[in-house]
Amino acid sequence: MWHQTKVTEILGIRYPILQGPFGGNLSSTQLVAAVSEAGGLGGYGVYTNTPQEIADIDKQIRNATNKPYNLNLWVSDTDATEGTDSQYKQAVQLFGPYFEELGLPIPPKPEPYLSRFENQLQTILDIQPRVFSYMFGKLTADIIAECHRKNIITIGTATTLDEALALEATGTDLIIASGFEAGGHRPSFLDNAATSATGTFVLVQLIREKVKTPVIAAGGIATGAGIKAAMTLGAEAVQIGTAFLACEESNALPLHREMLFSEKAKYTTLTRAFSGRLGRGISNRISAATIGKEDQILPFPLQRQFMSSLRKGAIDKQKWDMLFFWGGQIAPILKHRKAAVLMEALIKEATALFTT
Ligand SMILES: Cc1cc2nc3c(=O)[nH]c(=O)nc-3n(C[C@H](O)[C@H](O)[C@H](O)COP(=O)(O)O)c2cc1C
């Protein structure tokens, strides 16, 4: 049976299909429950949530499904607690005209940002979800051991072979190989994200060759053929993000979903302009105009804070070319708008391909 792998055994799920967790308020309980109920592993990104919010989200998910699910955090959630005056001035110079165009005041210098990870991790240990995945870093072997004592399975995320080796050395249970086709942020933690730009299928093969921990392929997969290709190369499961983000159950704006199904989705780009860290979404005016101006963008998450009023203003004034719609390179072939229907299609297509 193609769908019985080390990953499904470890996670206690029927099909080797993980729904990629989305940070920044794009995950939803309905999406997690729909995927877990269909035999995959639903995932919820909680890196922007407070410990209390995480506990509440966990309760809602437990009320919606009794199947395994995954909560996700960012280990490194800040690149600089405070920006310098000169960085702020540069950002105002580069982005100020967009605020002016929308009739918005230039935002003040972002407030210092303190990492939330330690407190969030404590909450995860307290509420004990069956699965805890993380990106932008590795956990210490002690924390992994503590997770195991609490019966929590851990999944780390690698964008390079070196990162996979570093994750394996900590004893993490599973490793996601995140290729550069993927939507959302590039979660590199050993080297610069821009130079850690390996595609999913190369990365899976490199990791598979040198690492014993089971590998989950992420990036550019949205069909049964994609699942079969990834598993043929050695992945023991896949993680699918963009195709689930486009489903009705996700917390994306209806317009965001429409954009993923539109002609515009043919053109995605990696940019730091909207958060301060490199991430993939549909190209727009601002991402195009800021190419090569990296040094005028504030560090993460200060840039996100700086741009937040522009985002709200662009939504209010329906200036869609100023909003960044996160998504991956696979978007132009998406077909399904309901998570259960997408799951059914993935399983049916993969089953047919594996049995021919
Ligand atoms: C909008 C968006 C937000 C994401 N946020 C997170 C996150 O917070 N944590 C995480 O581990 N992965 C995150 N991802 C990555 C997905 O979980 C998944 O690995 C990726 O989308 C797979 O590639 P695909 O988009 O080509 O399917 C995000 C992806 C998207 C599109």
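Modeller: A residue is near a molecule if its C-beta atom, placed from the backbone, lies within 6 Å of it. Please bear in mind that this is a predicted model.

Biologist: Of the 29 residues around the ligand, which come nearest?

Modeller: The shell around the ligand comprises 29 residues. Strand S4 (131–135), strand S9 (237–240) and helix H10 (242–245) each give two or more residues to this shell. The residues that come nearest to the ligand are Gly20, Gly23, Gly183, Gly184 and Gly241.

Biologist: How many residues of the shell around the ligand are charged?

Modeller: The shell divides by residue class, with 16 polar residues and twelve nonpolar ones. The number of charged residues in the shell is one.

Biologist: Why does the radius of gyration of the chain agree with that of a compact globule?

Modeller: The C-alpha atoms fill a box of roughly 60 × 45 × 40 Å along the principal axes. For 356 residues, a compact globule would have a radius of gyration near 21 Å, so the chain agrees with its value of 20 Å.

Biologist: What percentage of the residues in the chain is buried?

Modeller: Being buried requires 20 or more other C-beta atoms within 10 Å of a residue's own. Among the 356 residues of the chain, the buried share is 51%.

Terms used. Residues numbered from 1 in each chain as written. Predicted model: local features only at pLDDT ≥ 70, side-chain atom pairs only at ≥ 80, totals over all residues. Helix = DSSP H or I, 4+ residues; strand = E, 2+ residues; numbered from the N terminus. Nonpolar A, V, L, I, M, F, W, Y, C, P; charged D, E, K, R; others polar. Rg over C-alpha atoms; globule rule 2.2 N^0.38 Å. Buried ≥ 20, exposed ≤ 12 C-beta atoms within 10 Å, placed from the backbone.
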